[in-house]
Amino acid sequence: MQDNVEIYTKALIQVIYDSREYREFVKAKKKVAGQPELKAQINQYRMDVYKLQNYCDAKDLFEQTEEFNRQHAQFRKNPLVDEYLRSELAVCRILQRVASEVVDSVDLDLDDIAGKIRL
């Protein structure tokens, strides 16, 4: 059975590689790779988004998100930045959907402890 999991995991990875979304991301990534300063700015932006999403106080999240978007509006108008971030998001959504469907389909008998742990 382990061999099947490995085989189908590799097949799923190949399907993701072959997807339009992933191919667009690879193109954008190559364009950005030729501009190290822009790549660094994009990476900083990505880290800041991560911090905003994961460390921001929930009661202030809306206001902080609005302020963050205002501060970065000009940066996001750069067509290459927009292409990179949009294509990255599309790939992330595929990965989230796959992970969610797998997790939802496999019963790990967590009902008794789900309320006690943060999933």
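This is a predicted model: local features need pLDDT of at least 70, side-chain atom pairs count only at pLDDT 80 or more; totals for chains, interfaces and linings use all residues.

Residues are numbered from 1 along each chain as its sequence is written, and side-chain values use heavy atoms, leaving out hydrogens and water.

**Stop one: Q64.** Select Q64, which sits in helix α4 (helices are DSSP runs of H or I, at least four residues, numbered from the N terminus). Leaving aside residues up to four places away in sequence, Q64 touches L52 and C56. Is Q64 buried, exposed or partly exposed? Q64 is partly exposed, because its relative accessible area is 36% (buried is under 20%, exposed is over 50%, and partly exposed is in between, with a 1.4 Å probe and protein chains only).

**Stop two: the rest of α4.** Select residues 61–76 and look at R70, where a kink of about 35 degrees is centred. That bend is the angle between axes fitted to the seven residues ending there and the seven starting there. Next, colour F68, H72 and F75, the buried residues of α4. What do they pack against? Show α3 (36–55) and α5 (79–105), and you have their partners.

**Last stop: L110.** Jump to the segment after α5, where you'll find L110. L110 counts as partly exposed because its relative accessible area is 32%.

Definitions and conventions:
Helices (H or I, at least four residues) and strands (E, at least two) are DSSP runs, numbered from the N terminus. Contact means heavy atoms within 4.5 Å.
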